[in-house]
Amino acid sequence: MDAVKIRDDIYWVGGIDWNLRNFHGYLTPRGSSYNAYLIIDEKITLIDTVKYYLVDEMLERIKSVIDPEKIDYVISNHVEMDHSGGISKIMELAPNATVVASAAGEKGLREHYRKDWKFSVVKAGDSLSIGKRSFAFVPTPMIHWPDNMVTYCPEEKILFSNDSFGQHIASPERFDDELPLDIILEEAQNYYGNIVLSYNSQVQKALDVVGKLPIDLIAPSHGIMWRSHISDIVNKYTRWAFNKTETCALIVYDTMWGSTQKMAEAIRDGFESKGIKVRMKSLLHNHVSAIMPDVIDAKYVCVGSPTMNSNMVHTVAGFLAYMRALSPKNRTAFAFGSYGWGGQSIDQVQNELKNCGFDLLEPIKFKYIPEKKDLDAIKETVISYIK
Ligand code: FEO
């Protein structure tokens, strides 16, 4: 396995995780990559490493260019182990190298790896010259750990953006003009919805800083690099970070005997009769992480659960907990569901939607099995909700 040349003396030396299907609870049907970058200059620099089981792959790629013991700097943009998993091995091979990290990064690396490496702690405005090139550091705390930073090379106009702008894609292609753009953007949205969404306010600040930099290449730590569609992904990030939605509705539900599903379909008909596109996501058939990209787009979020044992069903509870943790804002929402006697689930779902900070519409409840006239009434209720 060889390094992939990006520019003269700049190489991708990461690892491709072909079999990754679950990234701490987030389904990754296309696998992923952990991107590390090697820059050969008067001082030799490695930016980030890879997950522990791909360290040998990274080393083989580095060795196709230089002996790893010649590495002078290891810039660690992020402590999380998918990017720092190879740092111990690199520091064994290059014991005189300096690890460059934010203050929280240094602390995190010491606490994770318990090694007394030589550290250089950097902050906003600091730069590091390695010869013909230099690096400037932009802290991006809580996108999505306290230690995160991005590294900018002004001479090359490359932003090494770590998790930001990444996507979980395993592929032999490395650039955004080598794969269909819709697939890359779909995975970028999936990534944003499941990893970054909680930190929208921090992304807004980071976009403000990064937006002032001339950038020819964004080199993230997952997936493909952006060189031909930089404005597309920056515009998307701006939309997502500012909670700009599409005029569409998302209906997420589970059902026991089909009544809540019938209600979901009547709600869909209500939206569609007003020209609003609807995405229907049954929790029997969709993983919660696969629904988050739809949450990003949805202006209306409707969540349905029947009542079972005086509660919402566990799939709906799981979805609501997952979504709430990711903190989408500026949505309009309501709960719905059928019930037999208590009907507690609907108020519970409504309460969780309130806890999400959404604007609420009246919940829709129905006892037992709705007939056509009941479904027509539900549809009319939804129509009355749409301004
Ligand atoms: Fe790709 Fe936060 O690690």
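This briefing covers the domains, nonpolar cores and sheets of the structure above. The model is predicted: local features need pLDDT of at least 70, side-chain atom pairs count only at pLDDT 80 or more, and totals for chains, interfaces and linings use all residues. Residues are numbered from 1 along each chain as its sequence is written, and side-chain values use heavy atoms, with hydrogens and water left out.

**Domains**

- The chain is divided into domain 1 (4-241) and domain 2 (246-385), with bounds that come from an automatic or database domain assignment.
- The C-alpha centres of domain 1 and domain 2 lie 38 Å apart.
- Domain 1 puts 13 residues into the contact and domain 2 puts in 12 residues; contact means heavy atoms within 4.5 Å.
- Between them the two domains bury about 1100 Å², 51% of it on carbon and sulfur atoms (buried area is the accessible area, 1.4 Å probe, that two parts lose on being put together, summed over both).
- On the domain 1 side, Gln189, Asn194 and Leu197 lose the most area to domain 2, together 42% of what that side buries.

**Nonpolar cores**

- A nonpolar core is a set of buried Ala, Val, Leu, Ile, Met, Phe, Trp, Tyr and Cys residues joined through side-chain atoms within 4.5 Å; buried means under 20% relative accessible area (1.4 Å probe, protein chains only).
- The largest nonpolar core has 87 residues, and Leu38, Ile71, Trp226, Phe319 and Met323 have the most contacts inside it.
- Helix α5 (residues 181-196) gives the most to this core, with 7 residues; helices (H or I, at least four residues) and strands (E, at least two) are DSSP runs, numbered from the N terminus.
- This core draws at least three residues from each of domain 1 and domain 2.
- Apart from this core lies another, of 24 residues, including Tyr73, Ile130, Met149 and Leu217.
- Leaving aside neighbours within four places in sequence, Trp226 is in contact with residues including Phe165, Leu181, Ile184, Leu185 and Ala188.

**Sheet of 7 strands**

- This open sheet has the order β1-β2-β7-β8-β9-β10-β11, with mixed pairing; two strands pair if DSSP finds at least two bridges between them.
- β1 (4-7) and β11 (118-121) each have a single partner strand, so one side of each is left without a neighbour in the sheet.
- β1 and β2 (residues 10-12) pair in the antiparallel sense over 3 bridges, and Lys5 stands opposite Tyr11 in β2.

**Sheet of 5 strands**

- The order of this open sheet is β12-β13-β14-β15-β16, again with mixed pairing.
- Its edge strands are β12 (127-129) and β16 (217-220).
- β15 (residues 158-162) and β16 pair in the parallel sense over 4 bridges, and Leu217 in β16 is the bridge partner of Ile158.

Conventions:
Buried < 20%, exposed > 50% of the residue type's maximum accessible area, 1.4 Å probe, protein only.
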